[in-house]
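The questions and answers below are meant for someone meeting this structure for the first time.

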Amino acid sequence: MKGEEGLSPYWSFVCFTLASFVVGLTILAGQQCGLSVMPRVGAVTSFGEYFTKSLALHGWGLLGGAIWALGTASNLVSGGSLGYALSYALGQTAPIVAVLWGLGWYREFDGAPRQAVLFLVFMFVLFLAAIT
């Protein structure tokens with residue numbers, strides 16, 4: 001969309017990124033004050049401890065964020081030529097890609113119970129039904 005119809009894909013991406021940043025900082029600040037929104041996995045850490053970690057560790061997080069941002073921007077930009085409904089549907093297949101990596105590369109379901117494998121097959125069928 002452009003002009004009076006709405007935001008451009010690039011400006012939509014900027015607004016979405018800024019909103020995500022504000023929400024992320026709000027959640028972090030709340031958790032530091034004891035207002036836990038999500039369950040904790042380990043002990044409470046401080047911002048100072050966060051900054052003592054190596055640049056390589058932070059680099060993995062930044063790389064993940066850059067890949068996510070590229071995918072989101074590509075999804076928003078492709079809406080003009082593909083159509084916004086199809087672009088959104090294709091963008092929502094990220095869980096399928098994650099499961100395929102888990103199955104093929106990380107072997108996360110080796111030795112899983114039969115019911116888990118059946119649920120996995122059912123998930124694939126539902127995703128395929130949703131995008132067709």
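A polar contact is a pair of N or O atoms within 3.5 Å; within protein, one of the two must be able to donate a hydrogen and the other to accept it, and residues adjacent in sequence count only if both atoms are side-chain atoms. The model is predicted, so that local features need pLDDT of at least 70 and side-chain atom pairs count only at pLDDT 80 or more, while totals for chains, interfaces and linings use all residues. Residues are numbered from 1 along each chain as its sequence is written, and side-chain values use heavy atoms, with hydrogens and water left out.

Q: Which residue has its backbone oxygen 2.8 Å from a polar atom of the side chain of Thr 17?
A: Thr 17 is found in helix α1, where helices (H or I, at least four residues) and strands (E, at least two) are DSSP runs, numbered from the N terminus. The backbone oxygen that lies 2.8 Å from a polar atom of the Thr 17 side chain belongs to Phe 13.

Q: Is Thr 17 buried, partly exposed or exposed?
A: Buried means under 20% relative accessible area, exposed means over 50%, and partly exposed is in between (1.4 Å probe, protein chains only). Because its relative accessible area is 31%, Thr 17 is partly exposed.

Q: How far does α1 reach from its first C-alpha to its last?
A: The expected span of a helix is 1.5 Å times one less than its number of residues. Helix α1 has 24 residues, and the 34 Å expected at 1.5 Å a residue is close to its reach from first C-alpha to last, which is 34 Å.

Q: Which element gives the most residues to the nonpolar patch?
A: Patches are made of residues with over 30% relative accessible area and no salt bridge, like charges being joined within 9 Å and nonpolar side chains (Val, Leu, Ile, Met, Phe, Trp, Tyr) within 5 Å; a salt bridge is a side-chain nitrogen of Lys or Arg within 4 Å of a carboxyl oxygen of Asp or Glu. On the surface, Phe 21, Val 22, Leu 25, Leu 28, Phe 47, Tyr 50 and Phe 51 form such a nonpolar patch, with about 760 Å² of accessible area together. The elements that give two or more residues to this patch are α1 (9-32) and α2 (47-51). With four residues, the element that gives the most is α1.

Q: Why does Val 22 count as exposed?
A: Val 22 lies in helix α1 and is one of the residues of the nonpolar patch. Val 22 counts as exposed because its relative accessible area is 51%.

Q: Which residues of α3 are buried, and what covers them?
A: The buried residues of α3 are His 58, Ala 69, Thr 72 and Gly 79. What covers these buried residues includes α1, α2 and α4.

Q: Which residues are in contact with His 58, leaving aside its neighbours within four places in sequence?
A: His 58 is found in helix α3 and counts as buried, because its relative accessibility is 18%. A polar atom of its side chain lies 3.1 Å from the backbone oxygen of Tyr 50. Contact means heavy atoms within 4.5 Å, and the residues in contact with His 58, apart from those neighbours, are Tyr 50 and Lys 53.

Q: With the side chain of which residue does the side chain of Ser 87 make a polar contact?
A: Ser 87 lies in helix α4 (residues 84-91) and is buried, because its relative accessible area is 3%. Not counting residues up to four places away in sequence, Ser 87 touches Asn 75, Ser 78 and Gly 79. The polar contact, at 2.6 Å, joins the side chain of Ser 87 to that of Asn 75.

Q: Which residue has a positive phi of about 55° although it is not a glycine?
A: Most residues other than glycine have a negative phi. Just after α3, Gly 83 takes a positive phi of about 105°, and α1 is followed by Gly 34, whose phi is positive, near 95°. In the loop between α5 (94-104) and α6 (114-131) lies a residue that has a positive phi of about 55° without being a glycine, and this is Arg 107.

Key:
Areas by Shrake-Rupley, 256 points an atom, 1.4 Å probe, with all protein chains shown as cover.
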